[in-house]
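Here's a quick briefing to read with the model open beside you.

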Amino acid sequence: MTRILKSCQKLRHLFLRGISFVNDTFLSVSELTELETLEFECFEVEDSVFDTFILVAMLKNKTNLRVLELSSETSKRNNERLSDFDEKAKEKLSELIGGLVSLRRLTINSYDILKGLDGKIIFQRLINLEYLLLGDNLVCDEELEVISEHCLKLRELRMHYTYGFSLAALIKVLCKCPIQVLSIRYDRETDSGLAAVREICQSCSTLTHLYIYFGHDEEYQKQVSIEEDEAPLYEAVACEASAGRTSICFCSAYL
């Protein structure tokens with residue numbers, strides 16, 4: 001694989017999925033300076049721990065990159081606290097992703113990759129971003145505020161894996177960005193009850209599709225969802241609040 005990549009210096013679109021790679025393969029991607037699309041799904045690396053510095057090397061000199069998708073399996077060490085060394089690496093990775101000013105689509109679907117990244121650094125310069133999907137991790141209100149101030153072309157926001165943000169912070173994004181598609185995880189108490197759905201649909205004049213995803217309650221070992229007879233109520237609220245513009249869909253599997 002490394003030999004192939006080294007012979008394709010003009011490559012513009014690269015999809016690396018479901019293969020076990022060695023570090024030399026990762027590093028050879030850093031030499032592909034004309035890439036416009038990089039979709040990278042890693043299931044296994046040499047030391048079984050996702051190496052942030054390899055990602056840093058891969059993303060150097062990618063000024064033309066328009067699509068970036070980073071995915072990985074969650075490692076067995078995902079609950080460990082980041083060391084000072086890891087934190088510095090994550091800060092460098094945040095700066096590199098934030099410097100990809102030509103990005104139109106960004107997907108980071110990995111707990112291990114997202115852990116320790118600074119969204120305030122990442123989103124401040126991504127002024128051309130149109131699509132954003134964030135994986136299973138904490139997203140704070142300050143990061144959503146940066147998105148609302150700088151990602152003013154954002155049309156599709158998928159946060160059905162994420163948690164920790166307030167409805168008020170999400171509404172800021174919806175008021176300032178031309179969001180057409182929004183997905184969030186179901187939370188009866190806060191983010192996706194009837195009142196929240198009404199506010200979401202009223203706040204965003206461009207929203208046409210609202211997806212609410214059900215999770216799994218580990219404490220009670222059951223699917224978290226609305227009652228069957230509640231679905232028409234949600235649909236009616238979304239329709240009324242948006243003057244018929246927004247449709248709502250409940251999903252039990254992530255799209």
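R12 has a relative accessible area of 44%, which makes it partly exposed (partly exposed lies between buried, under 20% relative accessible area, and exposed, over 50%, with a 1.4 Å probe and protein chains only). This is a predicted model, where local features need pLDDT of at least 70, side-chain atom pairs count only at pLDDT 80 or more, and totals for chains, interfaces and linings use all residues. Residues are numbered from 1 along each chain as its sequence is written, and side-chain values use heavy atoms, with hydrogens and water left out.

**Salt bridges**

- R12 pairs up with E36 in a salt bridge, with 3.6 Å between the closest N and O atoms (the term asks for a side-chain nitrogen of Lys or Arg within 4 Å of a carboxyl oxygen of Asp or Glu).
- That pair ties together distant parts of the chain, 24 residues apart: R12 is in the loop between α1 (2-6) and β1 (13-19), and E36 is in the loop between α2 (23-29) and β2 (37-42). Helices (H or I, at least four residues) and strands (E, at least two) are DSSP runs, numbered from the N terminus.
- E36 is partly exposed as well, at 22% relative accessibility.
- The structure has seven salt bridges in total.
- Another one joins D118 to K120, whose closest N and O atoms are 3.5 Å apart. Here D118 is partly exposed at 23%, and K120 is partly exposed at 36%.
- E156 and R158 also meet in a salt bridge, at 2.8 Å from N to O, and both of these residues are buried.

**The nonpolar core**

- The largest nonpolar core holds 67 residues, and L106, F123, I179, L182 and I200 have the most contacts inside it. Such a core is a set of buried Ala, Val, Leu, Ile, Met, Phe, Trp, Tyr and Cys residues joined through side-chain atoms within 4.5 Å.
- Helix α8 (residues 167-176) supplies the largest share of this core, six residues.
- Skipping neighbours within four places in sequence, L106 touches L68, I97, I122, F123, L126, L129, Y131, L132 and L133 (contact means heavy atoms within 4.5 Å).

**α7 against α8**

- The axes of α7 (residues 141-150) and α8 come within 8 Å and cross at roughly 5°. Axes are lines fitted to C-alpha atoms, for helices over the stretch in contact, and angles run from 0 to 180 degrees between N-to-C directions.
- So α7 counts as roughly parallel to α8 (the label covers angles under 35 degrees).
- On the α7 side the contact is made by D141, L144, E145, I147, S148 and E149, and on the α8 side by A169, L170, K172, V173 and K176.

- In α9, the buried residues are A196, V197, I200 and C201. They sit on the same side of the helix because they cover an arc of only 130° around the axis (the arc is that of the directions from the helix axis to the C-beta atoms).
- A195 and Q202 are exposed on the other side of α9.
- The buried residues of α9 pack against α8, β7 (181-185), β8 (209-213), α10 and β11.
- In α10 (residues 231-241), A231, Y234, V237, A238 and A241 are buried. Down the axis of α10 these fall within an arc of 130°, so they line one face.
- The buried residues of α10 pack against α9 (194-203) and β11 (247-251).
- After α10 comes A243, with a positive phi near 55°.

Methods:
Parallel < 35°, antiparallel > 145°, perpendicular 65-115°, else oblique.
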